[in-house]
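Visitor: Hey, I've got a new model open and would like a quick tour. Can you walk me through it?

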Amino acid sequence: MDKIRIDKWLWAARFYKTRSLATDEIGKGRVEINGQTAKASREVKVGDIVSTRQGDITRTLRVLGLSDQRGPAPMAQTLYEETPESIALREKTSIQRRLAREPALSIEQGRPTKRNRRELEKAKGVGWNDRWSASVDFD
């Protein structure tokens with residue numbers, strides 16, 4: 001075998017759990033072969049450069065072997081080699097993700113309740129009538 005469909009290869013290399021998931025991701029334009037956006041029926045051969053995007057992680061792989069059967073993980077890892085640039089980029093994004101936490105994760109309870117809002121207003125010394133208004137008061 002010297003060529004195989006990209007969706008079948010991604011499934012056999014264990015990047016996606018099912019072939020239909022691999023096809024969906026390819027259809028969304030998240031897989032490139034040699035710098036060109038791939039279709040599910042596109043064939044991949046040994047030596048091609050495949051780029052896949054899963055979430056915020058982009059992997060650039062060199063195809064070393066072909067298989068149309070999904071085997072154990074150690075065998076699947078022999079089908080590809082990740083480029084050093086891809087490994088460095090993946091480590092860099094993981095460090096950034098670790099250091100710069102998502103701001104929404106710091107919110108413990110979501111929106112403040114009515115009671116919390118009243119406590120905040122009392123602490124600030126701001127009441128309903130103390131708000132700024134565009135209306136003009138003539139006294």
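Guide: What follows is a chat about rings, strands, salt bridges and a few backbone angles. Keep in mind that this is a predicted model.

Visitor: Good. Rings to start with, then: how many aromatic pairs are there?

Guide: The count is 3 aromatic pairs. One of them is Trp-9 with Tyr-80, an edge-to-face pair at 6.5 Å centre to centre, with 80° between the planes.

Visitor: Where do Trp-9 and Tyr-80 lie?

Guide: Trp-9 is in helix H1, residues 6-12, while Tyr-80 is in strand E7, residues 80-82.

Visitor: Which residues do the ring pairs link into a cluster?

Guide: Trp-9, Phe-15 and Tyr-80.

Visitor: OK, over to the strands. What does Tyr-80 pair with as a bridge partner?

Guide: Val-63 has Tyr-80 as its bridge partner in E7. Strands E6 and E7 run antiparallel and are joined by 3 bridges.

Visitor: And how many bridges join E5 to E6?

Guide: There are 6 bridges between E5 (residues 49-54) and E6 (residues 57-63), again an antiparallel arrangement. Ile-49, for example, has Arg-62 as its bridge partner in E6. E5 and E6 form a hairpin with 2 residues between them, and Gly-55 in that turn has a positive phi of about 70°.

Visitor: What about salt bridges, how many are there?

Guide: The total is 9 salt bridges. Among them is Arg-97 with Asp-56, at 2.9 Å from N to O. Arg-97 sits in helix H4 (residues 84-99) and Asp-56 in the loop between E5 and E6, so this pair ties together parts that are 41 residues apart in sequence.

Visitor: How accessible are those two, Arg-97 and Asp-56?

Guide: Arg-97 is partly exposed at 40% relative accessibility, and Asp-56 is partly exposed too, with a relative accessible area of 49%.

Visitor: Back to Arg-62. Which side chain does Arg-62 meet in a salt bridge?

Guide: Glu-81, at 3.8 Å from N to O. That pair links distant parts of the chain, with Arg-62 in strand E6 and Glu-81 in strand E7, 19 residues apart. Arg-62 counts as partly exposed at 34% relative accessibility, and Glu-81 as partly exposed at 40%.

Visitor: What does Lys-28 do? Which side chain does it meet?

Guide: The side chain of Lys-28 forms a salt bridge with that of Glu-25, at 3.8 Å from N to O. Lys-28 is exposed, with a relative accessible area of 52%, whereas Glu-25 is buried at 15%.

Visitor: Which residues are linked in a network of salt bridges?

Guide: Arg-5, Asp-7 and Arg-19 are.

Visitor: Changing topic: where is Ser-67?

Guide: Ser-67 is in the loop between E6 and helix H3 (73-76), and counts as buried at 11% relative accessibility. The side chain of Ser-67 reaches the backbone oxygen of Gln-69 at 3.0 Å. Apart from neighbours within four places in sequence, Ser-67 is in contact with several residues, including Lys-8, Trp-9 and Leu-79.

Visitor: Now the backbone. What is the phi of Arg-14?

Guide: Near 65°, a positive value in a residue other than glycine. Most residues other than glycine have a negative phi. Arg-14 lies in the loop between H1 and helix H2 (19-27), and is partly exposed with a relative accessible area of 39%.

Visitor: And Asn-34, what about its phi?

Guide: Asn-34 has a positive phi of about 50°, although it is not a glycine. Asn-34 is in the loop between strand E2 (31-33) and strand E3 (36-37), partly exposed at 42% relative accessibility.

Visitor: Last one: how many of the 11 residues of helix H5 are buried?

Guide: The number is 0, so H5 (residues 114-124) lies largely in the open. Gly-125 follows H5 and has a positive phi, near 75°.

How values were computed
Residues numbered from 1 in each chain as written. Heavy atoms only, no water. Phe/Tyr/Trp six-rings, centres within 6.5 Å; stacked < 30°, edge-to-face > 60°. Helix = DSSP H or I, 4+ residues; strand = E, 2+ residues; numbered from the N terminus. Buried < 20%, exposed > 50% of the residue type's maximum accessible area, 1.4 Å probe, protein only. Pairing = 2+ DSSP bridges. Polar contact = N/O pair within 3.5 Å; in protein donor to acceptor, adjacent residues only side chain to side chain. Contact = heavy atoms within 4.5 Å. Salt bridge = Lys/Arg side-chain N within 4 Å of Asp/Glu carboxyl O.
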